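I opened my notebook to go through this fold one piece at a time. Here is what I looked up, in the order I looked.

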Amino acid sequence: MNREIRVPEVRLVGENIEGGVYPTRKALEIAEELELDLVEISPNATPPVCKVIDYKKFLYEQKKRDKEMKAKATKVVIKEIRFGPQTDDHDYEFKKKHGEKFLK
């Protein structure tokens with residue numbers, strides 16, 4: 001991100017930006033003019049792809065998406081019945097009946 005990008009040239013993408021290959025300094029200047037951050041998206045590409053975005057807003061939206069995905073995920077409910085050596089007959093029957101109910 002920003003000054004931590006150590007390559008001589010980057011491919012620049014983003015909204016309201018003319019895409020293309022720029023020297024890293026020029027890409028940083030463009031990002032600073034727009035008061036945004038230069039973030040390396042694909043470091044293994046030749047040249048690496050960088051995007052001009054508001055990084056804090058990006059992190060906020062990513063956390064929001066992750067939270068929504070977690071909420072939509074099916075939750076596994078594990079139920080258990082424990083019997084100890086001192087379980088009385090009445091308690092045993094009660095727990096057995098509930099166990100049958102869970103299984104049905």
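**Entry 1: what I am looking at**

I note at the start that this is a predicted model. I keep that in mind for every entry.

**Entry 2: the strands**

I began with β1 and β2. Strand β1 covers residues 9-13 and strand β2 covers residues 20-23, and the two pair in the antiparallel sense over four bridges. I looked up two of the partners: valine 10 is bridged to tyrosine 22 of β2, and arginine 11 is bridged to valine 21 of β2. β1 and β2 make a hairpin with six residues between them. In that turn I found glycine 14 with a positive phi of about 150 degrees.

Next I took β3 and β4. β3 spans 37-42 and β4 spans 49-53. They run antiparallel and are joined by five bridges. Aspartate 37 has isoleucine 53 of β4 as its bridge partner. This pair is a hairpin too, with six residues between the strands.

How do β1 and β4 run, parallel or antiparallel? I found them parallel, joined by three bridges. Leucine 12 has its bridge partner in β4, at cysteine 50.

**Entry 3: the two faces of β1**

I then asked which residues of β1 sit on the covered face and which on the uncovered one. Val10 and Leu12 are on the covered face, while Glu9, Arg11 and Val13 are on the uncovered face.

**Entry 4: the core**

Which residues make up the largest nonpolar core? I wrote down twelve: Ile5, Val10, Leu12, Ile17, Tyr22, Ala27, Leu28, Ile30, Ala31, Leu38, Cys50 and Val52. β1, α1 (24-33) and β4 are the elements that give two or more residues to this core. The largest share, four residues, comes from α1.

Both covered residues of β1, Val10 and Leu12, are in my core list. Leaving aside residues up to four places away in sequence, alanine 27 touches Val10, Leu12, Tyr22 and Leu38.

**Entry 5: threonine 24, buried or exposed?**

Threonine 24 belongs to helix α1. Its relative accessible area is 7%, under the 20% limit, so threonine 24 counts as buried. Which residues does threonine 24 touch, not counting those up to four places away in sequence? I listed Ile5, Val7, Pro8, Glu9 and Val10.

**Entry 6: glutamate 4**

Glutamate 4 is in the segment before β1. At 63% relative accessibility, over the 50% limit, glutamate 4 counts as exposed. I also checked one distance: glutamate 4 and valine 39 are 35 residues apart in sequence and 9.4 Å apart in space, C-alpha to C-alpha.

A reminder to myself: most residues other than glycine have a negative phi, and most peptide bonds are trans. With that in hand, I went looking for exceptions.

Asparagine 2 has a positive phi, near 45 degrees, and is not a glycine. Asparagine 2 is in the segment before β1. Glutamate 35 also has a positive phi, of about 55 degrees, without being a glycine. Glutamate 35 lies in the loop between α1 and β3, and its relative accessibility of 72% is over the 50% limit, so glutamate 35 counts as exposed.

Which peptide bond did I note as cis? The bond from threonine 46 to proline 47 is cis, with omega near -10 degrees. Proline 47 lies in the loop between β3 and β4.

**Entry 7: the largest pocket**

My last stop was the largest pocket, which holds about 300 Å³ of space. Its lining is made of Glu15, Asn16, Leu36, Ile41, Lys51, Val52, Ile53, Asp54, Lys57, Phe58 and Glu61. β4 and α2 (55-72) each supply at least two residues of this lining. By class, I noted five nonpolar, one polar and five charged residues in the lining.

Two names here turned up earlier in my notes. Val52, a lining residue, is also part of the largest nonpolar core. Ile53, another lining residue, is the bridge partner of aspartate 37.

Methods: Residues are numbered from 1 along each chain as its sequence is written. This is a predicted model: local features need pLDDT of at least 70, side-chain atom pairs count only at pLDDT 80 or more; totals for chains, interfaces and linings use all residues. Side-chain values use heavy atoms; hydrogens and water are left out. On a 1 Å grid over the protein atoms alone, a cavity is a set of points where a 1.4 Å probe fits but cannot get out, and a pocket is an open set with protein on both sides within 12 Å along at least five of seven lines; lining residues have an atom within 4 Å of a point. Grid points are joined across faces, edges and corners, and a volume is the space filled by probe spheres set on the points. Ala, Val, Leu, Ile, Met, Phe, Trp, Tyr, Cys and Pro count as nonpolar, Asp, Glu, Lys and Arg as charged, and the others, Gly among them, as polar. Two strands pair if DSSP finds at least two bridges between them. A nonpolar core is a set of buried Ala, Val, Leu, Ile, Met, Phe, Trp, Tyr and Cys residues joined through side-chain atoms within 4.5 Å. Buried means under 20% relative accessible area, exposed over 50%, partly exposed in between (1.4 Å probe, protein chains only). Contact means heavy atoms within 4.5 Å.
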